[in-house]
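Here's a quick briefing for anyone meeting this structure for the first time. Have a look at the sequence and the model, then read on.

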Amino acid sequence: MAFISLSPELSGRSFTGVENKFITKYMPVLDPLSVKVYLYGLYLCRNGLDSYTVTDLATALNITEEQAVNCFEYLEEFELVKITSMSPFEVSYCEAENVRGTPKRYKPEKYGDFAKSVQSVIKGRMISTNEYQEYFYLIEEYGFEQSALLMIINYCIGLKGDSIRPQYIKKVAQSFAAEGAVTARQVDEKLSAYTSSTPALIRIFAAAGIKRRPDVEDDKLYKKWNSEMGFEEDAIIAASKYFKTKNIAKLDEAITELYKNKKFDVKEIEFYVKNKNSVYNATLDIAKSLGVYMQNSAPYIENYVNVWCNKGFDFQSLKIIAQYCFTHGKNSFEDMNVFVNGLYDQGIVTEKAVNSFIAQRNAEDDLLKNIISACGLKRKVIDWDRECLFRWKNWNFSDEMMLKAAELSQGKNNPIAYMNGILSAWKNEGIFSPDKIENNSLRHTSDSGEPDRATIERHYADLRQIAESNAEAALRKAMSDKEYGGLRKTIDQLNIKLIFAESKNDAEAEELRKKLTDAETLADERLTVLRIDKQQFIPKYNCEICKDTGYDANGMQCRCLKKFIKDYKA
C-alpha cells in the first residue's frame, strides 16, 4: 500500500494546485510562516477570490498585516512572487524557476569578511541568512566587487535607515549593474554624479511635498527631465506646484504632459495648468458643435485642440470654425483639422480674421448657390465650384457677369464647364460688362453646328480638372495626418534612392526595396486607421478609355467625344 493515498470521499473534493517544484525545491528551505502565507495566497488565486485584501489574508491566518507583508517580501526574494503595488498591496504569483535542486545558496564562509562588514553597516538589526544570500547572489551573478556592493549598501542605509528592505538594496544594485557600475571606482563615480544633482532634487522634493530623501532612481528621472527634455529646475518646481504632485511618479507624468505640449517656461506652465479645465470644456464645445461623441476626451485634446491652441487659435475661434465645419459636411475632428491647417497656412488665426474669412466664404457660397440655380442645377456647392469661382474672380468678372454666363449655360450637359468656356471667351475679347456682350461673342460652334476645337478642349480640361482636384483633395487630407505624411516622405526618398541604386547596379538596391515595401505597408495600415481608401488618390475620370482627353490610345475620337458632339448639336 502507498505511503500516502486519498480516501474516496476526499478524491471528489475541490483542490488548490501547487507546483511540484515548490514542494520539492523551495518548501524545505523556506520559513514556515511564509509557506503558510504562500499556500493561502495561492488558494485565493486559484479559486477566484480576487476581492480579498492582505488584511483579510492576515485575519484568516491569525497573523498581523505587517507579518503578511513581510512574508510576501521574503517570498519575493526567492522570486516566487512579485509585489506589484504597495498601496494598495498587490502580489502576483510567479513560476518556480529552478528545474532541479534547491534554490541556489552560497557558502557563507566564502564571504565571511564581507558579511561582517555588512553587519557593521546595518547596525540596528541582525541580518538574516536569507538576506546574506541575496548579497552573495549579487556578487556572484552580477560580478560586483565586494567593496563596491558595500558602498551601495552603505548608500542605501544612509537614505532609508537600518529598517531598509533587502529588496530595495537589490533593486539599486541591479540598477548600478545595468549601467556597468560593478567596481568600487565605477560605483564611486556614479554616486558622485548623483550627489551633484541631489541639492536640486531636495529643492524639488520640498516644493512637491515629498517627505523622503532622493535616491538613484530619482536622479535618473531628474537627468531625463533636465538633460533629455530640456526642463530647468525652476520649471520642474513650477510643474510640481501647479500640478500639485505628491509623489515622484505623478511629477514625472506632469513633466511628460508638459513636454508633449511644448510648455517649458514657468509662465507657460502656469498658463497651461490654469487653462487646462478651459481646454477640456472647449473640447466638449467643439465636439458638440461637430456632432461628435467622445468617450474619452484626452486623445482629442492632445492630438487636436492643444495643437490648434499652440498655433494661436483661441477657443472662440475654434468654436466658430467647428460650427462652420458642421454646416458644410466636415463633421469630424479630422476634417476640421484639415480646415484649421488651411486657415493657419493663410495666416488666419484670430477670431476677427476667422469671422472675416467665414463671412467671405458664406457670401461666396450664396453667390455660387445662385449661379448653380441659374445654370438649372439643383445640387449643393462643392469644392470644384469654389475653385471655379476663385478663377473667375481672378479673371476680374463681376457677380453680374458670372450670373449672366450661368443663364446662358442653362440646359447644357455640363453647365459649369460651359460657363468656363463663355467667361474664357469674354476674357479674351475684353468683355467685362453686360452692355458689351454681343450675340456673336457667345458663338462656340462651327458652321456645321458642331462645337469648335476650343470648346471641346475646355470641356475636357474641366472634366480632368474635377477628377484631378478630387484626387488632390483626398491626398491633402491624408497628408495632413502627421504619421502618414511622414511615411509618404520616407517612401518618396526611398524611391529616389532606389532609382539611383538600380541605375548603378548597387548591392544596396535589394535592401532599399525591402525598406520601401515595409514603409508602404505601414502607410496602408495608417490609411486604414484614417478610413481613407488610397484609390481616392487616383483621379476618377468620367471616361476611363480616354482619361477625359477625348481621344483613345490610337489618336482616334473616343466614343465619349462623339457623344458630346452629338449632344451639343441637339
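Helix 15 (residues 298–310) and helix 17 have axes that come within 11 Å and cross at roughly 20°. This is a predicted model, where local features need pLDDT of at least 70 and side-chain atom pairs count only at pLDDT 80 or more, while totals for chains, interfaces and linings use all residues. Residues are numbered from 1 along each chain as its sequence is written, and side-chain values use heavy atoms, with hydrogens and water left out.

**The helix pair**

- Two packed helices are described by the angle between their axes and the distance between the axes.
- Axes here are lines fitted to C-alpha atoms, for helices over the stretch in contact, with angles running from 0 to 180 degrees between N-to-C directions.
- Helix 15 and helix 17 are therefore roughly parallel (angles under 35 degrees count as that).
- Their crossing is left-handed, meaning the near helix is turned anticlockwise from the far one by less than a right angle.
- Helices (H or I, at least four residues) and strands (E, at least two) are DSSP runs, numbered from the N terminus.

**The largest pocket**

- The largest pocket has a volume of about 1,400 Å³ (a pocket is an open set of points on a 1 Å grid where a 1.4 Å probe fits, with protein on both sides within 12 Å along at least five of seven lines; lining residues have an atom within 4 Å of a point; the volume is the space filled by probe spheres set on the points).
- It has 38 lining residues, and the closest to its centre are Lys330, Phe339, Arg361, Asp383 and Arg386.
- Helix 18 gives the largest share of this lining, with eight residues.
- Sorted by class, the lining has eleven nonpolar, nine polar and 18 charged residues (Asp, Glu, Lys and Arg count as charged; Ala, Val, Leu, Ile, Met, Phe, Trp, Tyr, Cys and Pro as nonpolar; the others, Gly among them, as polar).

**The second largest pocket**

- The second largest pocket comes in at about 1,200 Å³.
- Ile83, Met86, Arg165, Tyr168 and Lys171 are the closest to its centre, out of 29 lining residues.
- Its lining has ten nonpolar, five polar and 14 charged residues.

**Two residues to look up**

- Met126 sits in the loop between helix 6 (112–121) and helix 7 (129–142), and counts as exposed at 69% relative accessibility (exposed is over 50%, buried under 20%, with a 1.4 Å probe and protein chains only).
- Val35, in helix 3 (residues 32–46), is buried, with a relative accessible area of 10%.

Definitions and conventions. Parallel < 35°, antiparallel > 145°, perpendicular 65-115°, else oblique.
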